[in-house]
Amino acid sequence: RRWLAAAHWLAALTFGWLATVLVKQMVSMPSPPTAPDGFGFPSVTVTMATIAFGFFAVLIAREWPGRRRVWPYLSAAVIVALIAFARLYLGAHWLSDVVSGVIFGMLWVLVLGIAYRRHVARSFWMRPLVAVFYGLFVLAGLWHAPRGTDALLARFSPPPPSQTLTLDDWWAE
């Protein structure tokens with residue numbers, strides 16, 4: 001029943017998505033050759049992952065004692081780094097797309113995190129919330145991975161070569 005925390009988290013996600021779409025419309029960057037249509041600068045996937053996991057870390061780290069506060073941030077950083085690496089590995093984005101997505105997401109989490117911490121005085125029991133949040137993330141991954149992997153990888157396969165040369169023709173020309 002912490003509606004202010006939920007409102008801040010939804011505002012973080014909504015504004016992050018809208019701002020990323022707006023920047024994508026304003027900045028025209030060429031996509032990598034293996035990127036499907038709709039992918040560009042900044043990476044919406046990386047930005048939204050940074051905001052979702054980063055602001056969730058802000059919400060729950062406040063409730064952890066002393067040295068344990070680093071764990072929510074560390075887990076968010078590992079998840080975002082894995083997603084960013086996957087986007088680079090698949091050729092969906094350039095490095096600049098991924099880095100700008102992380103930076104934009106971190107800046108927005110910083111601004112909204114400061115605003116949230118200035119207005120919230122009451123604490124809440126976050127252990128069930130952590131279990132539900134990360135449990136749903138793992139369950140969604142386990143459900144989606146076997147069903148969507150082949151179609152997703154097919155979208156990122158490189159285009160066939162426009163011209164095929166024999167070795168002798170290549171040496172000659």
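How do the residues of the lining of the second largest pocket divide into nonpolar, polar and charged? There are 13 nonpolar, four polar and one charged. (Ala, Val, Leu, Ile, Met, Phe, Trp, Tyr, Cys and Pro count as nonpolar, Asp, Glu, Lys and Arg as charged, and the others, Gly among them, as polar.)

The model is predicted; local features need pLDDT of at least 70, side-chain atom pairs count only at pLDDT 80 or more, and totals for chains, interfaces and linings use all residues. Residues are numbered from 1 along each chain as its sequence is written, and side-chain values use heavy atoms, with hydrogens and water left out.

**View 1. The second largest pocket.** Its volume is about 400 Å³. Among its 18 lining residues, T50, G54, Y73, M106 and V109 are the closest to the centre. A pocket is an open set of points on a 1 Å grid over the protein atoms alone, where a 1.4 Å probe fits, with protein on both sides within 12 Å along at least five of seven lines; lining residues have an atom within 4 Å of a point. Grid points are joined across faces, edges and corners, and the volume is the space filled by probe spheres set on the points. Helix 4 (95-119) supplies at least two lining residues, as do helix 2 and helix 3; helix 4 gives the most, nine. (Helices are DSSP runs of H or I, at least four residues, numbered from the N terminus.)

**View 2. The largest pocket.** This pocket holds about 520 Å³ of space. Of 19 lining residues, T45, I83, A86, H144 and L152 lie nearest the centre. Helix 2 (44-61), helix 3 (70-90) and helix 5 (127-155) each supply at least two, and helix 5 has the largest share, eight. By class, 13 are nonpolar, five polar and one charged.

**View 3. An aromatic pair.** The whole structure has eight aromatic pairs (rings of Phe, Tyr and Trp, its six-membered ring, with centres within 6.5 Å; planes under 30 degrees apart count as stacked, over 60 as edge-to-face and the rest as tilted). One of them, F56 with F133, is stacked, at 3.8 Å centre to centre and 15° between the planes. F56 belongs to helix 2 and F133 to helix 5, 77 residues apart in the chain.
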